[in-house]
Amino acid sequence: MSQDSAKAAKARAMVASLLFLESAIILALGFWLIILALKSSDTEIFPWLGVVLFALLGAGGLFASAVGYKRGKYFGRAPAVLANLIALGVVKFQIDAQLWISAIPLAIIAIATLIAALRAIPQKI
């Protein structure tokens, strides 16, 4: 393994780790919403189901992207970039609402993952 391919593999491993982390966070938020709804007597079922389904699908998509990066394939890059651009949009709304406690960590992880995903070079097939 040459130095360039070792460097590329290390970069892909970092992106995969960040994507696994994002996937776990979104999955945890989905489970938190389930628990929150079970404790509440005033839950609108259809909007709640949509949010939980979106969280589960998002976590699954990020997990699949992480696996793609870990294996050195191309299919992980576009979903990773798209998901983190969406996260930056969410950060903007959180900042507007002055939810700094969630906006700052989300911005940090989204920017770090976005930059790493764009810089990492997928392995040739």
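Which residue's side chain does threonine 113 join through a polar contact of 3.3 Å? The legends below cover this contact and other close-ups.

This is a predicted model, in which local features need pLDDT of at least 70, side-chain atom pairs count only at pLDDT 80 or more, and totals for chains, interfaces and linings use all residues. Residues are numbered from 1 along each chain as its sequence is written, and side-chain values use heavy atoms, with hydrogens and water left out.

**View 1. Threonine 113 and glutamate 22.** The side chain of threonine 113 meets that of glutamate 22 in a polar contact of 3.3 Å. A polar contact is a pair of N or O atoms within 3.5 Å; within protein, one must be able to donate a hydrogen and the other to accept it, and residues adjacent in sequence count only if both atoms are side-chain atoms. Threonine 113 sits in helix α4. Its relative accessibility is 0%, so threonine 113 counts as buried (buried is under 20% relative accessible area, exposed over 50%, partly exposed in between, with a 1.4 Å probe and protein chains only).

**View 2. Helix α4, residues 100-119.** Helices are DSSP runs (H or I, at least four residues), numbered from the N terminus. The 20 residues of α4 should span 28 Å at 1.5 Å a residue, and the end C-alpha atoms are 28 Å apart, which agrees; the expected span is 1.5 Å times one less than the number of residues. Buried residues of α4 include Ala103, Ile109, Thr113 and Leu114. Mean confidence is highest in α4, at 91, and lowest in helix α1 (residues 3-39), at 86; pLDDT is the predictor's confidence in each residue, from 0 to 100.

**View 3. The salt bridge of lysine 92 and aspartate 96.** The closest N and O atoms of this pair are 2.4 Å apart. A salt bridge is a side-chain nitrogen of Lys or Arg within 4 Å of a carboxyl oxygen of Asp or Glu. A search of the whole structure finds one salt bridge. Both residues lie in helix α3 (residues 77-96), four residues apart, about one turn of the helix. Lysine 92 has a relative accessible area of 46% and is therefore partly exposed.

**View 4. Lysine 7 and alanine 120.** Lysine 7 belongs to helix α1. With 62% relative accessibility, lysine 7 counts as exposed. The C-alpha atoms of lysine 7 and alanine 120 are separated by 9.2 Å, although the two residues are 113 residues apart along the chain.

Conventions:
Helix = DSSP H or I, 4+ residues; strand = E, 2+ residues; numbered from the N terminus.
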